[in-house]
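I opened my notebook next to the viewer today and jotted down what I looked up. Here are the entries, in the order I made them.

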Amino acid sequence: MKQVTNVFWITLALVLVAVLFGALTPTSFQDITANVQAFITSTFGWYYLAIVTIMVIFTVYMIFSPFGKIRLGKDTDRPEYSRTTWFAMLFSAGMGIGLVFWGAAEPLSHFAVSSPTQEVGTPEAFKEAMRYTFFHWGLHAWAIYAIVALALAYFQFRKGEPGLISATLKPIFGEKMNGPLGVLVDVFAVFATVIGVATTLGFGAVQISGGLSYVFGFESTYWTEVAIIAVVTVLFLASAWSGLSKGIKYLSNTNMVLAIALLLLVVILGPTLLIFNMFTDTLGSYFQNLIRMSFRAAPLNAENRNWINGWTIFYWAWWISWAPFVGIFIARVSKGRTIREFLTGVLLLPSLVSFFWFAAFGTTAINIQEKVTDLTGLKTEETLFAVFNELPLTTLLSIIAIILIGTFFITSADSATFVLGMQTTNGSLNPANSVKVIWGLAQSLIAVILLAADGLSALQNALIVAALPFSFIMVLMMVSLYKSLSVEARLMKKTKKE
């Protein structure tokens, strides 16, 4: 524990206070977070929409700019992982459980429950449901991750700074980042990470429990969810103990194999031709409407604005709250790649895979909703398994899905323990196992306590609250990165002339 910094103790204290408050006074916790969340989405919704779109523009610019040739490391450094393993690792950490949890449920909701602008149940609502799902899981999400990951990888591997969020702001604030201001920045980053990951772990436990209940008839109770979290905690702590190159690498490759197998089975067993047609049509519609969707605030329509607050603003806040965790992890496994290769890989590949995933699962769910049975009365965590119930090989599909959720669950928690350990030990690339274990147990306990207090919805509200201050830090990270890259580009140009 000699490695730990003030960031560790301050953030751990804040997390304990928040969790105890949520556990002891769940109603007050729910009310307060809901009120703050409502204030932020109504007052700063336009800001979330604008700033995330600026991040997309910034990352695309960096790909095509002269900065793209600069390597994330010394000029002689080369990538530690193959492209396949690298992609599997960043994809598992970046989306993971969310894809399985929302794969069928989100498009179905937009189509049959609450459409962004169209009348539910219509062909127009079908197209719009797919387009907005692509929007929520596409370029905007990965641009948020890419900003943090790029800044961290550049300053850590090329400039020799510690792998801390605060270190990326030194071109603006200088040595002040080594004092209390830097501690404050890193505390915000770690706290946002804990909240974001705990929410996702809660979702994972609920869906595994829902799947076991729906498929095998097990009673889905709080204690079932606790047992699931306990088993997963033992597994991800064992993986975390084994180190990054072993545990997460093998888990990530396993995730990709299982995800591809499940995806191919759904494409083959589902409405295959409709899936490919919807994927192609929605991809074109997504790019055609990207600017309009990016800035759509619906200021004169309260119903549409509520939809935007509940979906788009929530997602942007969720991705921002996950950005320190995912960004630091992606940075850690991306040493040696050029900025152009890095951003192309982080932005485009995961987005395209996510698009096809939702085209397959979303189209299948909506097709079943239209032609077979009503799925809208089910809990969100049961929707995927209800879809499988209407396809051949029901049990096989369900078992693969449950295992996949479990391995994604373990990978996310494992990655998070490494990142939290790194951020609270002054950027150490090999944080002590004792620190990783403490953060791993803390994440699991947060999920357990908040599930007991029915606090997942409160935690979702807390996501939006936690993301706001960190979004300001991300703006500063873009300015700092551009400033440093500009100085380096001028020096390289001058050296070349000489």
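Predicted model: local features only at pLDDT ≥ 70, side-chain atom pairs only at ≥ 80, totals over all residues.

**Entry 1: a charge and a ring.** I began with Trp86 and looked for what sits on its ring. Arg337 lies over the face of Trp86, and I noted 4.2 Å to the ring centre.

**Entry 2: aromatic pairs.** Next I asked how many aromatic pairs the structure holds. The count came to 39. I picked out Phe8 and Trp9, whose ring centres are 4.8 Å apart with the planes at 90°; the pair is edge-to-face because an angle over 60 degrees falls in that class.

**Entry 3: α16 against α17.** I moved on to helix α16, residues 380-389, and helix α17, residues 394-423. Their axes come within 8 Å and cross at roughly 155°. Angles over 145 degrees count as roughly antiparallel, and α16 and α17 therefore get that label. I noted the crossing of these two helices as right-handed. From α16, the residues that meet α17 are Leu384, Phe385, Phe388 and Asn389. On the α17 side I listed partners including Thr394, Leu397, Ala401 and Ile405.

Entry 4: Leu393 has a positive phi, near 55°, and is not a glycine. Its relative accessibility is 47%, so Leu393 counts as partly exposed.

**Entry 5: Thr383.** Back in helix α16, I clicked on Thr383. Thr383 is at 3% relative accessibility and so counts as buried. What does Thr383 touch, once its neighbours within four places in sequence are left aside? I found Ala104, Ala105, Leu108 and Leu378 in contact with Thr383. I also took a distance to Ile410, which is 27 residues away from Thr383 along the chain: the C-alpha atoms are separated by 22 Å.

**Entry 6: another positive phi.** Ala298 is not a glycine, yet I read a positive phi of about 45° for it. I located Ala298 in the loop between α13 (290-295) and α14 (302-332). With a relative accessible area of 12%, Ala298 is under the 20% limit and therefore buried.

**Entry 7: α6 against α12.** Helix α6 (residues 123-137) packs on helix α12 (residues 272-288) at an angle of about 65°, with the axes 9 Å apart. That makes the two helices, α6 and α12, roughly perpendicular. The contact involves several residues of α6, among them Phe126, Met130, Phe134 and Phe135. From α12, I noted residues including Met278, Phe279, Leu283 and Tyr286. The crossing of α6 and α12 is right-handed.

**Entry 8: α7 against α15.** My last stop was helix α7 (residues 139-158) with helix α15 (residues 339-371). Their axes come within 9 Å, crossing at roughly 150°. This makes α7 roughly antiparallel to α15. I recorded a right-handed crossing for α7 and α15. In α7, the residues that meet α15 include Leu139, Trp142, Ala146 and Leu150. Among their partners in α15 I wrote down Phe342, Val346, Pro350 and Ser354.

Terms used. Residues numbered from 1 in each chain as written. Heavy atoms only, no water. Phe/Tyr/Trp six-rings, centres within 6.5 Å; stacked < 30°, edge-to-face > 60°. Lys NZ or Arg CZ within 6 Å of the ring centre and 35° of its normal. Axes fitted to C-alpha atoms, helices over the stretch in contact; angles between N-to-C directions. Helix = DSSP H or I, 4+ residues; strand = E, 2+ residues; numbered from the N terminus. Parallel < 35°, antiparallel > 145°, perpendicular 65-115°, else oblique. Left-handed = near helix turned anticlockwise from the far one by under 90°. Contact = heavy atoms within 4.5 Å. Buried < 20%, exposed > 50% of the residue type's maximum accessible area, 1.4 Å probe, protein only.
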